[in-house]
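Subject: Structure handover and findings

Hello,

Here is the structure we talked about. Please open it and keep it beside this note while you read.

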Amino acid sequence: MAEKELTYAEVAEHKTKKDLYVVVHDKIYNASSFIDEHPGGEEVLMDVAGQDATDAFEDVGHSDEAREILDGLIIGSLKRQAGDPKPSTTSTNKVAFDPKHHQTSTGLGVGLYFFVLIGGAAAYYGYQYLQQQQQKA
């Protein structure tokens, strides 16, 4: 299927539950088939129907799986014209949307496991040391 190039005005015409287009990073997606499956509920998609949803999409911090689903819904790209709403501030940052460059943080998880492991080892050896001291006495 050839990729369409639609104007913002043409995208704005698709804002019903059965015909819902959204723009994310200047790519157009037909979310009609996904609206009932969207984990955030249909209201979330209806709020951005026919509009640029880049900021809303990125603010939520969608997973790589969500980005793959989005890739399956692409129908074309946005043809910007004079008078169109300005691109979102994140739309120029393609790295933020590129799954290959999507950075993940291990957060507290690894540090917590390390702390528990070291704490457990220290407690074990401390217990062993105290047992040896009691046997000597």
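A residue counts as buried when its relative accessible area is under 20%, as exposed when it is over 50%, and as partly exposed in between. H25 has a relative accessibility of 3%, so H25 is buried. Please keep in mind that this is a predicted model.

**Overall layout**

The protein has 5 helices and 5 strands. Along the sequence they run β-α-β-β-β-α-α-α-β-α. The protein has 137 residues, and 29% of them are buried.

**The loop between β3 and β4**

Start with H25, which sits in the loop between β3 and β4. Its phi is positive, near 55 degrees, and H25 is not a glycine. Most residues other than glycine have a negative phi. D26 is in the loop between β3 and β4 as well. D26 also has a positive phi, about 60 degrees, and is no glycine either.

**Salt bridges**

How many salt bridges are there? The count is 5. Side chains of opposite charge can pair when their charged atoms come close. Here are some of the pairs.

- K17 and D36: the closest N and O atoms are 3.3 Å apart. K17 is in the loop between β2 (15–16) and β3 (19–24), and D36 is in the loop between β4 (27–30) and α2 (42–47), so this pair ties together parts that are 19 residues apart in sequence. K17 is partly exposed, at 34% relative accessible area. D36 is exposed, at 60%.
- R80 and D52: their side chains meet in a salt bridge at 3.5 Å, N to O. R80 is in the loop between β5 (74–79) and α5 (108–136), and D52 is in the loop between α2 and α3 (54–60), so this pair ties together parts that are 28 residues apart in sequence. R80 is partly exposed, with 27% relative accessibility.
- R67 and E58: the N to O distance in this salt bridge is 3.0 Å. Are these two residues buried or exposed? Both R67 and E58 are buried.

**A patch of negative charge**

Look next at the surface. D64, E65, E68 and D71 gather there in a patch of negative charge. D64 belongs to helix α4, which covers residues 64–72. The relative accessible area of D64 is 33%, so D64 is partly exposed. A patch takes residues with over 30% relative accessible area and no salt bridge. At 33%, D64 passes that area cut-off.

**The aromatic pair**

How many aromatic pairs does a search of the whole structure find? It finds 1. Y124 and Y125 form this pair, and its geometry is edge-to-face. The centres are 5.2 Å apart, with 75 degrees between the planes. Y124 is partly exposed, at 46% relative accessible area. Y125 has 57%, so Y125 is exposed.

Best wishes

Notes: Residues are numbered from 1 along each chain as its sequence is written. This is a predicted model: local features need pLDDT of at least 70, side-chain atom pairs count only at pLDDT 80 or more; totals for chains, interfaces and linings use all residues. Side-chain values use heavy atoms; hydrogens and water are left out. Patches are made of residues with over 30% relative accessible area and no salt bridge: like charges are joined within 9 Å, nonpolar side chains (Val, Leu, Ile, Met, Phe, Trp, Tyr) within 5 Å. Accessible areas come from the Shrake-Rupley method with a 1.4 Å probe; for residues, only the protein chains shown count as cover. A salt bridge is a side-chain nitrogen of Lys or Arg within 4 Å of a carboxyl oxygen of Asp or Glu. Lys and Arg count as positive and Asp and Glu as negative; His and the chain ends are not counted. The place of a charge is taken as NZ of Lys, CZ of Arg, CG of Asp or CD of Glu. Helices (H or I, at least four residues) and strands (E, at least two) are DSSP runs, numbered from the N terminus. Buried means under 20% relative accessible area, exposed over 50%, partly exposed in between (1.4 Å probe, protein chains only). Rings of Phe, Tyr and Trp (its six-membered ring) pair if their centres lie within 6.5 Å; planes under 30 degrees apart count as stacked, over 60 as edge-to-face and the rest as tilted.
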